[in-house]
Amino acid sequence: MALVADSYVVGGKSQARNEEHAPQRFWTLVLGSIGVVYGDIGTSPLYAFKEAVGAAHGQGIDNREIVFGVLSLIVWALLLIVTFKYVWLLLRADNKGEGGTFALMALSQQASKRSTKLLLLLGIAGTAFFYGDAAITPAISVVSAVEGLKLVHPGLGHLVVPLSILILFALFWMQSHGTERVSKLFGPVTVVWFLALAAGGFIHIFDDPSVLAAINPIYGIKFLASNGLIGLTVLGLVFLSVTGAEALYADLGHFGRKPIQVAWIWFVLPALALNYFGQGALVLSDPHAIEGSFFKLYPEWALIPMVLLATIATIIASQAVISGAFSLTRQAIQLGLLPRLHIQHTSETMSGQIYMPKVNWVLFVVVVVLVLTFKTSSALATAYGISVTATMIITSLMTMFVVWRLWKWNLWIAMAVIWPLIIVEQVFFAANMLKFLDGGWMPLLIAGTMTFAMLTWLAGTKVLAANERKKEGDLAWLARKLQNGSQVRVPGSAVFMTATPDAVPTALMHNLKHNKILHDRNIVMAIKTEETPRVPRYERVEVRRISEQFYVVTARYGFMELPSVPKIIEHCRRKDLNIEMSATSFFLSRRSLKPTRNKGLPFWQEGMFVWLTSIAEDATSYFRIPTDRVVEIGTQVEI
């Protein structure tokens with residue numbers, strides 16, 4: 001799920017939505033989508049064909065049957081899954097111009113209110129599997145590119161792993177400095193990469209032009225039908241050719257539907273097809289070429305430049321996935337699925353460019369562990385595919401709700417369109433599960449860990465909220481009671497942050513109980529995340545006056561936006577609630593968790609929830625509240 005299109009986004013709003021139809025911008029968006037959206041799928045020719053054909057070699061199957069069968073399966077995977085499902089169908093399922101797992105989840109929940117919990121679980125699972133993809137993509141992409149050194153000189157093979165780790169370290173280290181300048185080169189560099197793919201493939205098609213007949217799906221079907229378990233194993237490796245397809249939908253908001261579609265149909269798909277057919281023709285003429293079928297498409301003088309270009313292309317593909325992990329984590333935080341984590345903006349003009357240190361370095365450690373464990377792209381290929389196929393199945397299931405309930409398609413038509421896709425993806429998933437013991441367990445372990453973490457955080461926050469509600473009274477009742485009370489009044493304003501605006505915040509109750517004071521003006525502020533990517537500015541803030549001394553401010557944000565208390569206060573001024581920051585104190589509750597047996601959370605979730613709470617960023621930093629205006633009141637809460 002690539003979400004690195006920051007250099008094409010201004011002020012956090014999609015240029016695609018505002019200028020998609022302006023000719024002078026359209027081709028810029030097409031160029032940007034080639035660099036960002038298609039970086040991942042564009043590196044698949046490095047390993048997909050080689051691994052699929054290599055798995056069948058030595059099994060007593062005729063070389064021609066293998067090549068034609070694999071090429072047929074690759075071509076039709078690109079046509080059915082990428083072109084039909086993503087380019088034609090899913091790009092139409094935009095949530096106010098945005099795409100991606102959470103956007104589709106919110107859209108499907110809107111379409112089917114009764115299935116909200118099921119769709120939430122699907123969204124969590126889809127997100128969890130993405131993290132598995134985000135870990136394996138940089139590892140397999142960079143390693144497969146650096147392995148080209150073996151063809152330059154066989155003695156350089158021992159440098160593949162250390163050099164790959166060095167490149168990956170540089171990539172992850174660069175994240176904190178932002179990618180605004182470098183990302184402007186993504187489009188042009190990736191265009192050169194696709195032109196190189198097309199050129200290398202086109203030249204070698206003439207080695208055996210009959211290879212073009214593999215576009216006939218009968219060759220793929222025959223191969224699967226006649227080769228049993230080997231055929232299914234090859235099918236799992238064929239799926240490597242479509243990894244990265246999720247980026248088409250995830251980056252919908254950055255580039256718009258038309259630029260992404262044009263880039264795929266008229267440029268990316270032809271380049272990929274030419275390269276795969278070229279590799280096929282090369283292997284038909286020389287079966288031993290399969291060991292390095294991609295790099296052997298190019299003459300010796302071009303080998304070192306192609307290794308360098310491939311390395312740059314894989315870095316771009318990895319960058320897209322890393323940025324996608326940042327963006328998806330931010331959305332998960334906003335939806336209450338993960339604790340607040342530190343978010344650093346790396347651009348003053350592009351709000352979409354963010355850096356999350358904890359996510360970045362945890363992901364780096366996992367990637368390095370993968371490289372050191374598997375060592376080669378062939379070994380990494382066995383771990384790849386499961387997370388991507390699982391994500392695609394989940395996407396198809398949520399799409400079913402959208403086309404049936406929201407678009408009002410006839411049920412039978414919706415099933416006729418979606419269920420064949422789900423069946424195909426399930427076959428791919430089953431094929432990839434054959435590699436479970438050889439490394440397929442790794443993405444499942446990552447996805448399982450992330451699912452457990454999100455479900456634990458969701459359950460823990462519900463327990464905390466329930467405990468808080470037991471202690472909190474009605475705000476309107478308290479305001480009436482205090483109107484003529486004898487509490488000491490102090491000048492200025494007090495803002496009490498809360499999740500439930502109609503209840504008395506814990507910090508307010510403790511302030512009254514222990515300090516026995518009340519400010520001249522008391523503002524209860526709640527920040528809510530809506531099930532929409534963005535909330536219009538005119539709907540951002542609602543101000544309600546409870547009494548002369550009490551106000552309730554409710555701020556609403558979309559799950560792709562970052563809340564900011566100073567900006568909320570600016571909105572309040574426009575609604576006749578003038579809050580002077582220098583005369584305002586912000587009261588926050590700092591909760592100390594007290595685990596209890598057989599009460600609240602199950603014991604097997606308590607430890608995880610306490611740990612997640614410990615890594616959470618404090619509300620002061622996350623909501624950008626001036627630190628010198630904050631008063632924290634500690635409370636003990638049982639879980």
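This is a predicted model: local features need pLDDT of at least 70, side-chain atom pairs count only at pLDDT 80 or more; totals for chains, interfaces and linings use all residues.
Reader: Is Asp576 buried or exposed, and what is the phi of Asp576?

Author: Buried means under 20% relative accessible area, exposed means over 50%, and partly exposed lies in between (1.4 Å probe, protein chains only). Asp576 has 75% relative accessibility and therefore counts as exposed. Its phi is positive, at about 65°, although Asp576 is not a glycine. Arg624, in the loop between helix H25 (619–622) and strand S10 (630–638), also has a positive phi, near 60°, in a residue other than glycine. With a relative accessible area of 33%, Arg624 is partly exposed.

Reader: Which residues does Thr554 touch?

Author: Contact means heavy atoms within 4.5 Å. Leaving aside residues up to four places away in sequence, Thr554 touches Pro501, Ala526, Lys528, Arg540, Val541 and Glu542. Thr554 belongs to strand S8 (residues 550–557), and it counts as buried because its relative accessibility is 4%.

Reader: What separates the C-alpha atoms of Ala214 and Phe68?

Author: These two residues are 146 residues apart along the chain, and their C-alpha atoms are separated by 5.1 Å. Ala214 is in the loop between helix H10 (186–205) and helix H11 (217–238), and with a relative accessible area of 0% it is buried. Beyond residues up to four places away in sequence, Ala214 touches Phe68, Leu71, Ser72, Tyr219 and Phe277. Ile312, by comparison, lies in helix H15 (residues 303–334) and is partly exposed, with a relative accessible area of 41%.

Reader: How should I read two packed helices, and at what angle do H6 and H8 cross?

Author: Two packed helices are described by the angle between their axes and the distance between the axes. Axes are lines fitted to C-alpha atoms, for helices over the stretch in contact, and angles run from 0 to 180 degrees between N-to-C directions. Angles under 35 degrees count as roughly parallel, over 145 as roughly antiparallel, 65 to 115 as roughly perpendicular and the rest as oblique. The axes of helix H6 (residues 116–146) and helix H8 (residues 160–174) come within 9 Å and cross at roughly 125°, which means that H6 is oblique to H8. The contact is made by Pro138, Val142, Val143 and Val146 on the H6 side, and by Val160, Leu163, Ser164, Ile167 and Leu168 on the H8 side.

Reader: How do the residues of that contact divide, and what does Ser164 touch?

Author: Ala, Val, Leu, Ile, Met, Phe, Trp, Tyr, Cys and Pro count as nonpolar, Asp, Glu, Lys and Arg as charged, and the others, Gly among them, as polar. The contact of H6 with H8 divides into 8 nonpolar, 1 polar and no charged residues. Ser164, found in helix H8, counts as buried at 0% relative accessibility, and it touches Val142, Val143 and Val146, not counting residues up to four places away in sequence.

Reader: How does H6 lie against H18?

Author: The axes of H6 and helix H18 (residues 386–406) come within 8 Å and cross at roughly 155°, and the two helices are therefore roughly antiparallel to each other. The residues of this contact divide into 12 nonpolar, 5 polar and 1 charged.

Reader: How many residues has the largest nonpolar core?

Author: A nonpolar core is a set of buried Ala, Val, Leu, Ile, Met, Phe, Trp, Tyr and Cys residues joined through side-chain atoms within 4.5 Å. The largest has 180 residues, and those with the most contacts inside it are Tyr38, Phe49 and Trp264. H6 supplies the largest share of this core, 17 residues. A second, separate core of 16 residues includes Ala479, Val504, Leu518 and Phe550.

Notes. Residues are numbered from 1 along each chain as its sequence is written. Side-chain values use heavy atoms; hydrogens and water are left out. Helices (H or I, at least four residues) and strands (E, at least two) are DSSP runs, numbered from the N terminus.
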